[in-house]
Amino acid sequence: MSFSLPERVTLKGPNFIREVFERGVGVPGFISFGIGNPAPEAIPVKVIEDAFDFIVHENPMGLLQYGPMQGDACLAELTLDRLSKVHHMNLDGQGLIISNGAGQLLGLVPITVCEPGDEVYMDDYTFTSAINSVRNMGAKAVGIKTDEFGMIPSELEKAAQSGKGKYIYLIPNFQNPTGITMPLERRKEIYAIASKYDLFIYEDDPYGEIRFAGDHVPTFKSFDTENRVLYAGSYSKTLSAGLRVGFLLGPEDVVSTIQALKNNTAGQMPLVTQKVVAHVLDQIDYDAHLENVRKVYKSKCDAMMRVFKEKGSSKVHLTEPTGGMFAWMTMPDTVDCDEFFEACMDKNVGIIKCGAFAADGVENGHAFRLSYTVPTIPEIEKGMEILCALTKEYCGE
């Protein structure tokens, strides 16, 4: 049998993340700043173990049959309660989807709202799956220039004047890959442009609960007066990535349409993981748990920043995140970043090339993503000493 795949599903960027993983796996002493996994010591293993034991033995048949397509009602209630009371979101006219992690939503949203040829606006460097999910629909993932505060409003407006836009995709808190947090004034400017050109805002906020420095910045959804924000969250970064439990809050008519599409394509989510998360949220002091997660991430981020400030080249810039999992290292334009990457790999340090995160229309840059969550503090210090020595070798003091 001979057949060809549609071009839209083959338009993938280079998988530099997988390259680092595959080349580093099994290598003695390899230190990876490339894996964006939660810190192992931040996962409440015993609490989750106990939750599984309780859930499985309380009502096993309730887990072994089909369940409600819309997800576990208890988990939905706990999630909505937190969004309302902690994040000050108005729930009137809103619907909630419980999803297979926040990642499932990245595919469901464009397939629901986009037609081939539509445009989706996003940071010039952003989460790889968000880019590919838009391309998979035959839409264009348009990269918008950013500065130290995130997406530049004037650049967004230029793009939106095409009239082809459907939504703006943003990770406003501790952005992946740059670690940047968008200030409130910039968020309001972006919202005003979305209103002017009648665009949805897809607010992807998987790291929002992991702020370990600076002041809280209100979400887009908390000041959404026009019902145009789809807010995605996740328990992957705060409880367990492997449980794969996320959620989407948005206008009820839009969410119900996304839910119907989800029902027809993916069916129900596994009940056991939803009920485990609901049980954990109901049993523990979640805010106290989050404080521990923040403490772990802060200590690791501080170690990375401390070594870089002491030993890195002054010609290299490393963002200082106030939360989340990532920092962004920008090199001088004169540096051969492919050669620098190989030098790091030769010395058993893995970093991710910026091309892994480049949206449509973005030229090859001179930056790398570094994640500080998985390595131990001694590994971070050792890996950063190697990395910093290479920055001086390639860029000067």
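Start with the largest nonpolar core, which holds 78 residues. Select Met304, Met329, Phe340, Ile351, Leu370 and Met384: these touch the most other members. Keep in mind that you are viewing a predicted model. Next, colour helix α11, residues 286-311. This helix gives the core its largest share, nine residues.

Now zoom in on isoleucine 351. Leaving aside residues up to four places away in sequence, Ile351 touches Val20, Phe33, Met329, Phe340, Phe341, Cys344, Phe368, Arg369, Leu370 and Leu387. Then look for a second, separate core of 26 residues. Ile55, Leu63, Leu83 and Val277 are among its members.

Go back to residues 317-318 and 352-353, which are strands β11 and β14. They belong to an open sheet of four strands, in the order β11-β12-β15-β14, with antiparallel pairing. β11 and β14 stand at the edges with a single partner strand each, so one side of each has no neighbour in the sheet.

Select β12 (residues 326-330) and β15 (residues 367-371) next. Five bridges join these antiparallel strands. Which residue in β15 is the bridge partner of phenylalanine 326? It is serine 371.

**Strand β7 and its partners**

Move to β7, residues 165-170. Five of its six residues are buried. Show β3, residues 119-123: it pairs with β7 in the parallel sense over four bridges. Valine 120 stands opposite tyrosine 167 in β7. Now show β8, residues 200-204. β7 and β8 also pair in the parallel sense, over four bridges. Here leucine 170 has glutamate 203 in β8 as its bridge partner.

**Helix α8**

Finish with α8, residues 184-196. At 1.5 Å a residue, its 13 residues should span 18 Å, and the end C-alpha atoms are 18 Å apart, which agrees. Select Arg186, Arg187, Ile190, Tyr191, Ile193 and Ala194, which are buried. Look down the axis of α8: the buried residues fall within an arc of 160°, so they line one face of the helix.

What covers them? The cover includes β5 (146-147), β6 (150-151), α7 (153-160), β7, β8 and β9 (229-234). Turn to the face away from the buried side, where Glu185 and Lys196 are exposed.

Definitions and conventions
Residues numbered from 1 in each chain as written. Predicted model: local features only at pLDDT ≥ 70, side-chain atom pairs only at ≥ 80, totals over all residues. Heavy atoms only, no water. Core = buried A, V, L, I, M, F, W, Y, C linked by side-chain atoms within 4.5 Å. Buried < 20%, exposed > 50% of the residue type's maximum accessible area, 1.4 Å probe, protein only. Helix = DSSP H or I, 4+ residues; strand = E, 2+ residues; numbered from the N terminus. Contact = heavy atoms within 4.5 Å. Expected span 1.5 Å × (residues − 1). Arc of directions from axis to C-beta. Pairing = 2+ DSSP bridges.
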